[in-house]
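Visitor: I am new to protein models. Please take me through this one, a few residues at a time.

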Amino acid sequence: MAGPKPGEDGAWYVYKCDAGGTRDALYRPPVWIPEGQQDDGGPRVSPAALAEQARGQLRLPSPEIKASPAEQQLVTLPTWLWLERGAWRKASATASVPGVSVTAVARPTSVVWSMGDGGSKVCHGPGTPYRPREASKPRLNPKRPSPDCGYTYRSSSAGQPDDAYRVSATVNWSVTWSGAGQSGAFPGLTTTSAAAFRVAESQAVNTDNE
(Lines give C-alpha, C1' and ligand atoms only; values in the text may rest on other atoms or scores of the structure.)
Protein backbone atom coordinates (compact mmCIF):
# COMPACT_ATOMS: atom_id res chain seq x y z
CA MET A 1 0.00 0.00 0.00
CA ALA A 2 1.60 3.27 -1.17
CA GLY A 3 1.88 5.99 1.42
CA PRO A 4 2.87 9.66 1.33
CA LYS A 5 6.25 10.71 0.08
CA PRO A 6 8.42 12.72 2.50
CA GLY A 7 6.96 16.19 2.80
CA GLU A 8 4.03 15.45 0.48
CA ASP A 9 0.66 17.02 1.26
CA GLY A 10 -2.48 15.00 0.90
CA ALA A 11 -4.87 12.83 2.84
CA TRP A 12 -5.92 9.22 3.41
CA TYR A 13 -9.27 8.33 1.90
CA VAL A 14 -11.56 5.39 2.59
CA TYR A 15 -13.77 3.85 -0.11
CA LYS A 16 -17.46 4.50 0.16
CA CYS A 17 -19.82 2.94 -2.40
CA ASP A 18 -23.37 4.02 -3.12
CA ALA A 19 -25.97 1.74 -4.70
CA GLY A 20 -24.40 -0.36 -7.42
CA GLY A 21 -20.93 -0.21 -5.89
CA THR A 22 -18.65 -3.16 -5.44
CA ARG A 23 -19.55 -5.58 -2.69
CA ASP A 24 -15.97 -5.96 -1.49
CA ALA A 25 -15.44 -2.24 -0.89
CA LEU A 26 -15.39 -2.65 2.91
CA TYR A 27 -12.27 -4.80 2.58
CA ARG A 28 -10.27 -2.17 0.71
CA PRO A 29 -7.57 -0.39 2.72
CA PRO A 30 -7.42 3.40 2.86
CA VAL A 31 -5.57 5.06 -0.01
CA TRP A 32 -3.24 8.04 0.06
CA ILE A 33 -4.12 10.75 -2.50
CA PRO A 34 -1.70 13.67 -2.87
CA GLU A 35 -2.91 17.23 -3.16
CA GLY A 36 -2.30 19.56 -6.06
CA GLN A 37 -2.74 23.32 -6.21
CA GLN A 38 -5.78 25.19 -7.45
CA ASP A 39 -5.45 28.45 -9.36
CA ASP A 40 -6.32 30.34 -6.19
CA GLY A 41 -3.53 28.60 -4.29
CA GLY A 42 -5.81 26.26 -2.31
CA PRO A 43 -5.18 22.51 -2.15
CA ARG A 44 -7.03 20.01 -4.32
CA VAL A 45 -6.84 16.31 -5.05
CA SER A 46 -5.08 15.41 -8.29
CA PRO A 47 -7.59 14.22 -10.94
CA ALA A 48 -4.96 11.77 -12.22
CA ALA A 49 -4.69 10.23 -8.75
CA LEU A 50 -8.47 9.89 -8.54
CA ALA A 51 -8.46 8.36 -12.02
CA GLU A 52 -6.14 5.63 -10.75
CA GLN A 53 -8.60 4.88 -7.97
CA ALA A 54 -11.53 4.78 -10.41
CA ARG A 55 -9.61 2.39 -12.66
CA GLY A 56 -9.03 0.10 -9.70
CA GLN A 57 -12.78 -0.06 -9.08
CA LEU A 58 -13.68 -1.17 -12.61
CA ARG A 59 -15.52 -4.49 -12.71
CA LEU A 60 -15.29 -6.02 -16.18
CA PRO A 61 -17.68 -8.82 -17.19
CA SER A 62 -16.15 -12.21 -17.88
CA PRO A 63 -16.59 -13.43 -21.46
CA GLU A 64 -18.96 -16.40 -21.81
CA ILE A 65 -17.89 -18.56 -24.74
CA LYS A 66 -20.50 -19.84 -27.19
CA ALA A 67 -20.08 -21.87 -30.37
CA SER A 68 -22.02 -23.68 -33.05
CA PRO A 69 -22.05 -26.65 -33.40
CA ALA A 70 -22.67 -26.59 -29.67
CA GLU A 71 -21.70 -30.09 -28.56
CA GLN A 72 -18.97 -31.15 -30.96
CA GLN A 73 -17.13 -29.44 -33.80
CA LEU A 74 -16.37 -31.16 -37.08
CA VAL A 75 -13.23 -30.99 -39.19
CA THR A 76 -13.74 -28.72 -42.26
CA LEU A 77 -17.16 -27.53 -41.00
CA PRO A 78 -17.09 -23.81 -40.07
CA THR A 79 -17.36 -23.16 -36.35
CA TRP A 80 -19.32 -20.07 -35.34
CA LEU A 81 -17.84 -18.23 -32.36
CA TRP A 82 -19.46 -15.58 -30.19
CA LEU A 83 -19.66 -14.15 -26.70
CA GLU A 84 -22.85 -13.58 -24.77
CA ARG A 85 -23.89 -9.96 -25.23
CA GLY A 86 -23.55 -9.19 -21.55
CA ALA A 87 -19.77 -9.61 -21.91
CA TRP A 88 -19.57 -6.95 -24.62
CA ARG A 89 -20.57 -3.73 -22.92
CA LYS A 90 -18.70 -0.80 -21.50
CA ALA A 91 -17.99 -0.61 -17.77
CA SER A 92 -17.42 2.51 -15.71
CA ALA A 93 -16.45 3.50 -12.17
CA THR A 94 -16.20 6.86 -10.44
CA ALA A 95 -13.91 8.03 -7.66
CA SER A 96 -14.81 11.21 -5.80
CA VAL A 97 -13.70 13.46 -2.99
CA PRO A 98 -15.40 16.73 -2.07
CA GLY A 99 -15.21 19.00 -5.10
CA VAL A 100 -13.56 16.53 -7.47
CA SER A 101 -15.03 13.55 -9.34
CA VAL A 102 -13.33 11.40 -11.98
CA THR A 103 -14.80 8.54 -14.04
CA ALA A 104 -12.90 5.72 -15.71
CA VAL A 105 -14.56 3.93 -18.64
CA ALA A 106 -13.50 0.59 -20.16
CA ARG A 107 -14.73 -0.38 -23.62
CA PRO A 108 -14.25 -3.76 -25.36
CA THR A 109 -12.33 -3.39 -28.62
CA SER A 110 -11.48 -6.90 -29.81
CA VAL A 111 -11.42 -10.54 -28.77
CA VAL A 112 -8.58 -12.95 -29.50
CA TRP A 113 -9.64 -16.58 -29.82
CA SER A 114 -6.96 -19.20 -29.23
CA MET A 115 -8.38 -22.37 -30.74
CA GLY A 116 -6.17 -25.00 -29.12
CA ASP A 117 -4.79 -26.46 -32.35
CA GLY A 118 -2.19 -23.73 -32.78
CA GLY A 119 -4.54 -21.44 -34.67
CA SER A 120 -6.16 -18.19 -33.57
CA LYS A 121 -8.76 -15.68 -34.68
CA VAL A 122 -9.11 -11.96 -33.90
CA CYS A 123 -12.66 -10.59 -33.96
CA HIS A 124 -13.61 -6.94 -33.54
CA GLY A 125 -16.97 -7.62 -31.98
CA PRO A 126 -18.78 -10.26 -29.90
CA GLY A 127 -19.61 -12.41 -32.94
CA THR A 128 -22.96 -13.41 -34.42
CA PRO A 129 -24.97 -16.07 -32.54
CA TYR A 130 -26.15 -18.99 -34.64
CA ARG A 131 -29.87 -19.49 -34.14
CA PRO A 132 -31.33 -22.77 -35.49
CA ARG A 133 -34.72 -21.24 -36.24
CA GLU A 134 -33.00 -18.92 -38.71
CA ALA A 135 -30.97 -21.64 -40.42
CA SER A 136 -33.04 -21.33 -43.59
CA LYS A 137 -31.63 -17.87 -44.15
CA PRO A 138 -28.57 -18.10 -46.45
CA ARG A 139 -26.64 -15.69 -44.23
CA LEU A 140 -27.06 -18.01 -41.24
CA ASN A 141 -26.65 -21.38 -42.94
CA PRO A 142 -24.46 -23.47 -40.56
CA LYS A 143 -22.45 -24.75 -43.53
CA ARG A 144 -21.40 -21.18 -44.26
CA PRO A 145 -18.74 -19.36 -42.22
CA SER A 146 -19.88 -16.93 -39.56
CA PRO A 147 -20.35 -13.45 -41.05
CA ASP A 148 -17.96 -11.88 -38.54
CA CYS A 149 -16.29 -14.38 -36.18
CA GLY A 150 -15.58 -18.01 -36.95
CA TYR A 151 -12.95 -20.70 -37.40
CA THR A 152 -12.53 -23.96 -39.30
CA TYR A 153 -10.65 -26.86 -37.75
CA ARG A 154 -8.43 -28.93 -40.04
CA SER A 155 -7.63 -31.76 -37.62
CA SER A 156 -9.53 -33.60 -34.92
CA SER A 157 -8.88 -33.24 -31.21
CA ALA A 158 -8.30 -36.98 -30.76
CA GLY A 159 -5.21 -37.57 -28.67
CA GLN A 160 -5.48 -34.24 -26.86
CA PRO A 161 -6.13 -34.22 -23.09
CA ASP A 162 -9.74 -35.42 -22.72
CA ASP A 163 -9.79 -35.58 -26.54
CA ALA A 164 -10.59 -31.87 -26.65
CA TYR A 165 -8.86 -28.65 -27.64
CA ARG A 166 -8.42 -26.05 -24.94
CA VAL A 167 -9.96 -22.83 -26.30
CA SER A 168 -9.66 -19.38 -24.78
CA ALA A 169 -11.26 -16.02 -25.57
CA THR A 170 -9.40 -12.91 -24.44
CA VAL A 171 -11.24 -9.59 -24.63
CA ASN A 172 -9.10 -6.46 -25.00
CA TRP A 173 -10.38 -3.29 -23.32
CA SER A 174 -9.44 0.34 -23.86
CA VAL A 175 -9.58 2.43 -20.67
CA THR A 176 -10.01 6.20 -20.57
CA TRP A 177 -10.82 8.66 -17.82
CA SER A 178 -12.22 12.17 -17.52
CA GLY A 179 -13.16 14.63 -14.80
CA ALA A 180 -12.28 17.99 -13.29
CA GLY A 181 -11.62 19.39 -16.76
CA GLN A 182 -8.98 16.76 -17.56
CA SER A 183 -8.86 13.44 -19.38
CA GLY A 184 -6.46 10.68 -20.23
CA ALA A 185 -5.99 7.01 -21.05
CA PHE A 186 -4.61 3.98 -19.24
CA PRO A 187 -2.91 0.89 -20.65
CA GLY A 188 -5.51 -1.59 -21.83
CA LEU A 189 -7.00 -4.36 -19.74
CA THR A 190 -7.94 -7.93 -20.67
CA THR A 191 -10.43 -10.54 -19.50
CA THR A 192 -10.19 -14.22 -20.44
CA SER A 193 -12.37 -17.32 -20.31
CA ALA A 194 -11.67 -20.88 -21.45
CA ALA A 195 -13.65 -23.83 -22.80
CA ALA A 196 -13.00 -27.32 -24.19
CA PHE A 197 -13.94 -28.04 -27.83
CA ARG A 198 -14.16 -31.62 -29.07
CA VAL A 199 -13.47 -31.82 -32.79
CA ALA A 200 -14.30 -34.99 -34.71
CA GLU A 201 -13.53 -36.16 -38.24
CA SER A 202 -16.63 -35.97 -40.39
CA GLN A 203 -17.64 -39.35 -41.83
CA ALA A 204 -18.79 -39.68 -45.41
CA VAL A 205 -21.81 -41.91 -46.05
CA ASN A 206 -21.97 -43.86 -49.34
CA THR A 207 -25.55 -43.90 -50.64
CA ASP A 208 -24.65 -45.61 -53.95
CA ASN A 209 -26.43 -49.00 -54.08
CA GLU A 210 -24.26 -50.36 -56.86
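Visitor: In which strand is T79 found?

Guide: This is a predicted model, in which local features need pLDDT of at least 70, side-chain atom pairs count only at pLDDT 80 or more, and totals for chains, interfaces and linings use all residues. Residues are numbered from 1 along each chain as its sequence is written, and side-chain values use heavy atoms, with hydrogens and water left out. Strands (E, at least two residues) and helices (H or I, at least four) are DSSP runs, numbered from the N terminus. By that numbering, residues 79-83 make up the strand that holds T79, and this is β6.

Visitor: Is T79 buried or exposed?

Guide: Buried means under 20% relative accessible area, exposed over 50%, and partly exposed in between, with a 1.4 Å probe and protein chains only. T79 has a relative accessible area of 0%, so T79 is buried.

Visitor: Which residues does T79 touch, not counting those up to four places away in sequence?

Guide: A contact means heavy atoms within 4.5 Å. With residues up to four places away in sequence left out, T79 touches A67, S68, Q73, C149, G150, Y151, Y153 and F197.

Visitor: S68 is on that list. What kind of peptide bond joins S68 and P69?

Guide: P69 lies in the loop between β4 (65-68) and β5 (73-74). Most peptide bonds are trans. Between S68 and P69, omega is about 0°, and the bond is cis.

Visitor: Y151 and Y153 are also touched by T79. What sort of aromatic pair do Y151 and Y153 form?

Guide: Rings of Phe, Tyr and Trp (its six-membered ring) pair if their centres lie within 6.5 Å; planes under 30 degrees apart count as stacked, over 60 as edge-to-face and the rest as tilted. A search of the whole structure finds three aromatic pairs. For Y151 and Y153 the figures are 5.1 Å centre to centre and 80° between the planes, and the pair is edge-to-face.

Visitor: Which residues form one aromatic cluster with Y151?

Guide: Y151 is buried because its relative accessible area is 15%. Y153, at 0% relative accessibility, also counts as buried. The residues in one cluster with Y151 are Y153 and Y165.

Visitor: Which backbone nitrogen does the side chain of S146 reach?

Guide: S146 is in the loop between β9 (120-123) and β10 (150-151). At 12% relative accessibility, S146 counts as buried. A polar contact is a pair of N or O atoms within 3.5 Å; within protein, one must be able to donate a hydrogen and the other to accept it, and residues adjacent in sequence count only if both atoms are side-chain atoms. The side chain of S146 reaches, at 3.0 Å, the backbone nitrogen of C149.

Visitor: What is the phi of D162?

Guide: D162 is found in the loop between β10 and β11 (165-179). Its relative accessible area is 65%, so D162 is exposed. Most residues other than glycine have a negative phi. D162 is not a glycine, yet its phi is positive, at about 60°.

Visitor: Which element has the lowest mean pLDDT?

Guide: pLDDT is the predictor's confidence in each residue, from 0 to 100. The mean for the protein chain is 82, and 71% of its residues reach 70 or more. Among the elements, β9 has the highest mean (98), while the lowest (60) belongs to strand β2 (residues 31-37).
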